[in-house]
Structure formats: structure tokens, C-alpha cells
Amino acid sequence: MSESNGISSSAEGSGVDQERYLRLFEALSPLVAAQSVDDLAKAACSVVSELLEVQACSMFLAEPGGDDLVLKAATHIEPDSWSEIRISRDKGICGKAFFSGKPVLLTSEADFAEFDMEPRSELGQASCVVCPLFVRGEVRGIINIANPLNGRVFTARDVGLIEAASRVISGGILNAVQFGETVQIHAQLESLFDNLHIGVLALDRDLRVTHSNWRLRSLRGDPDSLVKGRLLSEVLDPSLYCLTRRLIRDSLKSRTVEQDRIDGRMGDKSRMLEITVSPAGLGGDASTECLIMFEDVSLDEEVKRLREADSLKDGFLRLISHELRTPLAVIRGTLPLMQTCCAKDNEKSEQMLNKIESLVKNNVSKLTGIVNSIIDTVEIENGSLKLLIKDADISEIVRSRIEFAKLDSEAKDLAWEINLDDSLGPVAGDETRLSQIVFELLSNAVKFSPRGATISVSTRRDCCDYVLRIANGGGGIAPERRDTVFDKFFQIDNSSTRAEGGCGLGLYLTQNIARLHGGSVAIVDGNSDETVFELRLPFAMAEEALG
Amino acid sequence: MGKKILIADDEEDVKVVVQLFLESKGYDIVTAYDGLDAMDRAREENPDLIILDVMMPIIDGFEVCKKLKEDPGLKDIPVVMLSASSHAESKQRGIEVGAVEYIVKPFDPEKLQAVIESILK
């Protein structure tokens with residue numbers, strides 16, 4: 001028996017050997033690309049047995065986690081039974097090669113006897129070479145060649161050749177193992193990708209789909225549909241396509257992530273979708289230009305809507321429980337006074353009754369105002385507030401509302417500075433609604449002016465707009481807080497500045513009604529101690545033409 | 001000469017109706033239109049009882065009551081609070097700052113009268 005250390009260099013030299021080496025490499029090289037170990041083993045055994053002109057060639061690999069070597073291929077055994085043939089990795093000739101990591105050459109009966117084996121004539125085995133296969137620096141299996149009693153007896157040259165072959169085959173095994181691992185990782189990634197709760201589309205530069213995940217396909221209504229290779233415009237509903245196209249353009253232009261929400265159709269269902277476009281810098285995947293993610297946020301939007309509805313309800317409850325109490329208290333308070341008046345019948349009772357009547361009227365009208373504000377708010381919220389539009393004499397409306405507001409301001413000793421341009425008008429609008437919002441702005445000025453202050457009212461033309469400016473001496477409002485006064489149920493909650501209650505709907509309604517007229521209400525800059533509201537309304541067409 | 005009551009409420013109508021009612025019951029009424037005015041009027045008029053609205057501009061009723069109780073010359077004047085808030089915390093706060101009674105709007109004027117009578121007895 002000879003061992004590899006004695007034979008390793010013996011294959012060098014002769015031109016015949018060199019040619020066999022080359023042919024062996026040539027035949028084995030394509031096997032390196034094999035994707036499975038089984039395919040590789042089968043092909044390798046057949047190449048080796050043919051090129052080395054041996055009777056039998058077999059290959060065993062260690063069972064992962066087990067003690068045996070399992071037959072992967074053999075030229076002299078039927079493929080059906082390969083997987084059933086196992087040998088112990090720590091016994092016999094194969095065990096020696098496996099554990100020593102070196103080739104074993106047996107050429108004589110004495111060599112076989114060392115392993116308690118007879119040369120097995122029924123397999124024709126009179127001479128054999130067993131060579132270990134290394135993968136990632138560890139012995140993972142063996143390759144074995146054998147010739148019958150009457151066949152050629154192997155020499156060190158055969159050992160050299162089989163060693164060389166085993167290195168190529170080992171490379172092939174490593175590659176096949178890695179391929180299997182890659183396939184597994186790929187399958188895991190694919191599964192992760194499919195299990196994302198966000199629908200994902202990857203597009204190439206022609207906006208054709210290169211990848212899509214299960215969620216995306218199921219959002220479209222058919223998880224099994226073929227999306228790959230189709231144009232984005234064919235995959236998305238037109239309601240989504242335009243926005244997505246714009247996001248892609250912006251994203252690719254600035255190389256940034258772009259995001260927007262849209263109420264669109266996907267899979268025959270209207271959904272609120274959050275679309276995110278990310279430019280792809282995917283390593284190695286040059287075909288993908290960008291990634292688009294679709295998240296169904298309909299539920300988020302629904303929750304938001306319900307929260308708003310809930311806060312509206314809270315607002316109404318607060319309103320009813322708080323703001324209705326004061327006028328009710330006044331009306332309730334007049335009842336015993338009436339009894340007193342009825343009991344007596346003199347001039348003083350007469351005066352008292354007049355006073356009571358005005359108190360009741362005033363407070364009934366306050367209650368009515370609150371109820372109307374609630375109804376108007378509901379109508380604005382659900383879009384059912386209707387305007388009766390005609391040419392409205394806005395100058396007359398403003399003048400008459402100022403007279404009413406003056407009555408309210410008497411108790412606070414307010415002064416009025418009025419500067420109206422009576423030549424202005426008309427505006428296109430609903431007279432009742434215009435009266436309502438003008439009066440709201442005026443009474444707001446009265447409410448928030450301290451005693452003895454001056455309210456300035458002026459009107460002017462600004463291009464196509466009629467502009468009403470109302471300044472009160474109630475102190476300025478910081479620019480960043482100006483928009484919030486128009487919020488629903490807004491109240492200046494600081495009791496030190498709260499001159500008077502109110503249902504917190506007045507300015508909200510005023511702004512919305514002005515908008516329905518194509519106009520606006522805003523707080524504009526004024527002196528530091530005054531708050532200036534400006535109402536703008538577009539002139540009616542006739543006036544516009546004259547102007 | 002009847003007992004003198006100071007009514008402080010920024011709601012003109014509430015103030016008037018309480019004033020008319022209490023005057024009809026023989027009380028002498030003085031009024032204040034906000035928290036600061038209430039402090040001034042209390043010092044000037046030295047009333048027998050003060051009716052304070054909670055929600056008033058400048059300083060609210062709770063704050064006025066607290067200041068009254070800190071003033072040695074005014075701390076013995078009993079205070080009744082009137083409020084549009086029926087919250088328990090609000091009532092609690094009224095008692096904490098030293099009010100004798102906390103009445104929620106809308107209220108029965110006769111009950112207010114009964115409360116006033118029992119305090120001034």
C-alpha cells in the first residue's frame with residue numbers, strides 16, 4: 001500500500017499525463033456551475049471513469065448531522081439505490097481517507113488485507129484509489145475509483161490525477177452548496193417581500209414592472225395575476241397613475257424619497273393610499289430604476305375622521321352644557337320678577353315689565369343664535385348649506401349691521417370710527433348670510449374691545465374685491481395664532497382675556513360662509529393694540545365690468 | 001336700609017336680572033363688571049355679601065375670591081359663586097378659595113335668595 005505523501009509528485013512530467021490533466025480539467029470545469037450536489041456527483045463520476053479509464057467511480061458525501069457517508073453517485077450501481085447505500089465514516093478504506101484527509105491507494109491483496117478485506121472480484125475491485133473531497137477546508141466526502149482483478153493496477157499517477165479531479169469537484173460541491181443556500185435565502189427574502197403589509201412595485205427606466213410583491217397584487221384584487229413586465233400605466237388605475245407618475249418624476253429628479261396620499265381605486269375598491277416612491281440604488285440590480293410602495297391607509301383616515309367627529313361631539317356637548325346656561329339663567333331669573341310685577345300694578349311695574357321683556361327677548365335671541373350656529377355648522381360640515389345668490393347691496397348691509405352693533409356696544413361705552421365708501425357694490429351673495437357674517441365680525445369687535453375703546457370700520461375697493469375692515473382695540477393677535485381663531489369651537493380659553501362667552505362657532509362659520517361666496521376673512525396687520533379683521537368679497541359681475 | 005350686596009358678573013343681563021330680583025326683595029345692590037372692578041367696589045362699598053361670577057375677564061371669580069380672603073379688611077365678607085360650569089372640580093375649587101356657596105346657572109332666584117338669607121342671618 002502506498003500513501004499520498006509517497007506519490008504526490010509522481011504525476012508530473014510526461015506529456016501524456018499533461019494531456020490527461022487538460023482533458024480532465026476541460027471535462028470537469030463545466031460541472032463547477034452545477035446547481036445541485038447530486039447532479040454534480042453523477043456527472044463527475046461519469047467523467048472520471050471515462051477519462052481515467054476505470055471500471056468504477058463512486059462518490060460519497062457526509063450526511064449533515066449524521067455519522068454516515070451517503071452514496072451520491074456510482075458508475076457501477078443503479079441510480080435508484082444510491083441514496084440507500086451508506087458507509088461508516090470511521091471505518092475501512094473510505095474512513096481512512098476521510099479522517100486522514102489524504103488519498104489512499106490499494107494495489108495488492110496485502111493492502112486490502114490491512115482493512116480485513118478480500119479483493120472483491122464480484123465488483124471487479126482489485127485496485128482502488130480513495131481521495132478526500134474538501135469543502136471550506138473540511139473533508140466533506142470521498143471519491144473512489146476501482147479496477148477489477150484483471151484490470152489496470154493504479155499507480156501514483158492515477159492518484160495525482162484523482163487528487164487534481166477532486167479539487168475541481170470540491171469547488172463544484174462548494175458552489176452547489178452555496179447555490180442551495182442562495183436559493184434558500186432568496187426564498188426567505190421573497191417570502192418576507194410578499195409578507196410585507198405594504199404593496200411594492202419595482203420599475204425599470206421604461207416604467208415596466210420588474211418585481212411586485214404579493215401584497216401589491218392582492219391590493220389589485222388578484223394575487224396570482226402577472227404584473228411583471230407590464231407598464232405602470234397598465235398596472236395602476238388612472239386615478240393613481242397620474243400622482244404616482246409625478247412622484248416618480250420628482251423622486252428621480254432630486255434622488256429623494258417622495259410621498260403623498262390619494263383617494264384612488266385599486267382592485268375595484270376605493271381606498272386612501274399612501275404612495276411612497278424611492279429611487280433605487282439597488283446593488284447589482286441595474287434594471288430597477290425605482291421602488292414604489294403602496295400602503296392602504298383607509299383605516300387611518302377613517303380613524304382620523306371618527307376622531308374629528310368625536311371632537312365635534314365633545315364640542316357640541318361643551319357648548320350645550322356651558323354656553324346655553326347663561327341666557328337660560330337670565331330667562332329663568334325673570335320669572336319671579338314677573339310675579340312681583342303682576343302682583344303690583346303701578347308705573348314702576350310697567351317699567352320693570354318692559355325691562356323684563358327686553359331681557360327675555362335678548363336672551364331668547366342668544367339661544368336661537370347658538371342653535372342656528374349649530375345647524376349652520378352641521379350644514380357646512382356635510383356640504384348642504386345653500387346660498388341664495390343675487391346682487392346684494394353690501395354697503396346697505398354693512399350700514400344697517402353697524403347700527404345694530406352700536407346698540408350692543410352702549411354698555412361698554414365704545415366709540416365708533418366709521419368710514420364707509422357708499423359707492424361700492426353690489427357683491428354676488430346671499431343677503432341673509434352676508435348680514436350674518438358682517439354682524440358676527442362687528443359683534444366680535446364689540447366683545448373683545450375693552451371698555452371705552454374705539455372700533456374702526458372702513459370699506460374700500462381692492463381690485464375686484466369689496467373689502468370691509470374692522471379694527472377693535474382688544475389687543476393684537478400674534479401672526480402664528482391668527483388662523484386658529486377661525487377653528488371650530490375656538491375660544492380664548494384664558495379667562496383673563498375672555499371678555500365674553502360665545503359658542504366658538506361664530507368666526508368658523510364666518511370664514512366658511514365667506515369662502516362659499518368666493519371671498520375670505522383674515523386677521524391682518526394693524527397697530528399693536530388692535531385686532532384687524534378683513535372681509536373680502538368679490539364684486540358682482542356687473543360691477544366688475546364697470547370697475 | 002337693607003343689607004348691601006355686590007354682584008360681579010361680566011354678563012350684563014345676568015347682573016341686571018339678579019339685581020332687579022334682589023332689589024325687589026329689599027336688598028341694596030351695587031355691581032361690578034369684571035374681577036378687578038369687583039375688588040375696587042368691594043373696598044369702596046364694604047358690602048355684606050358678594051356674588052361672584054366665575055368666568056370674568058381680567059381676573060376670574062376664583063382669583064377674586066382668593067384675593068378677598070387674603071385682604072384683612074375684606075376677608076370676612078361671605079362670597080357666593082355663580083357659574084355656568086357644573087363640573088365637580090369647579091365646585092371644589094370654589095369652596096377651596098373660600099366661597100360659602102357655589103350655585104350653577106341657570107338657577108332658581110328664590111333659592112339664591114334663601115341662600116343669601118341664611119348666610120346673612
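User: Is the crossing of α13(A) and α14(A) left-handed or right-handed?

Analyst: The model is predicted. Two packed helices are described by the angle between their axes and the distance between the axes. Here helix α13 (residues 394-409) of chain A and helix α14 (residues 431-448) of chain A have axes that come within 9 Å and cross at roughly 40°. The handedness of this crossing of α13(A) and α14(A) is right-handed.

User: Which residues of α14(A) meet α13(A), and how many residues of this contact are nonpolar?

Analyst: On the side of α13(A), the contact includes A:Ile394, A:Val398, A:Phe404 and A:Asp408. Facing them in α14(A) are A:Glu431, A:Leu434, A:Ser435, A:Val438, A:Phe439, A:Leu442 and A:Val446. By class, the contact of α13(A) with α14(A) has two polar and three charged residues, and its nonpolar residues number 11.

User: What area is buried between chain B and chain A?

Analyst: The size of an interface is often given as the accessible area lost when the parts come together. The contact draws 27 residues from chain A and 25 residues from chain B. Carbon and sulfur atoms give 63% of the area buried between the two chains, which is about 2,300 Å².

User: Which residues of chain B lose the most area to chain A?

Analyst: Three residues together account for 23% of what the chain B side buries. These residues of chain B, which lose the most area to chain A, are B:Asp13, B:Val17 and B:Met55.

User: Which residue of chain A meets B:Asp108 in a salt bridge?

Analyst: Side chains of opposite charge can pair when their charged atoms come close. Between chain B and chain A the count is two salt bridges. In the one formed by B:Asp108, the N to O distance is 3.3 Å, and the partner is A:Arg332.

User: Which element gives the largest share of the side of chain B that touches chain A?

Analyst: Across this interface, six residue pairs are in polar contact. On the chain B side, the elements that give two or more residues are α1 (12-24) and α5 (109-120) of chain B. The largest share, seven residues, comes from α1(B).

User: How many residues apart are A:Asp194 and A:Arg217?

Analyst: Over all chains, the whole structure holds 36 salt bridges. In one of them, the side chains of A:Asp194 and A:Arg217 meet at 4.0 Å, N to O. This pair links distant parts of the chain, with A:Asp194 in helix α6 (residues 156-195) of chain A and A:Arg217 in helix α7 (residues 214-219) of chain A. Their separation is 23 residues.

Technical notes: Residues numbered from 1 in each chain as written. Chains lettered and ligands numbered in written order. Predicted model: local features only at pLDDT ≥ 70, side-chain atom pairs only at ≥ 80, totals over all residues. Heavy atoms only, no water. Axes fitted to C-alpha atoms, helices over the stretch in contact; angles between N-to-C directions. Helix = DSSP H or I, 4+ residues; strand = E, 2+ residues; numbered from the N terminus. Left-handed = near helix turned anticlockwise from the far one by under 90°. Contact = heavy atoms within 4.5 Å. Nonpolar A, V, L, I, M, F, W, Y, C, P; charged D, E, K, R; others polar. Buried area = accessible area lost by both parts, 1.4 Å probe. Polar contact = N/O pair within 3.5 Å; in protein donor to acceptor, adjacent residues only side chain to side chain.
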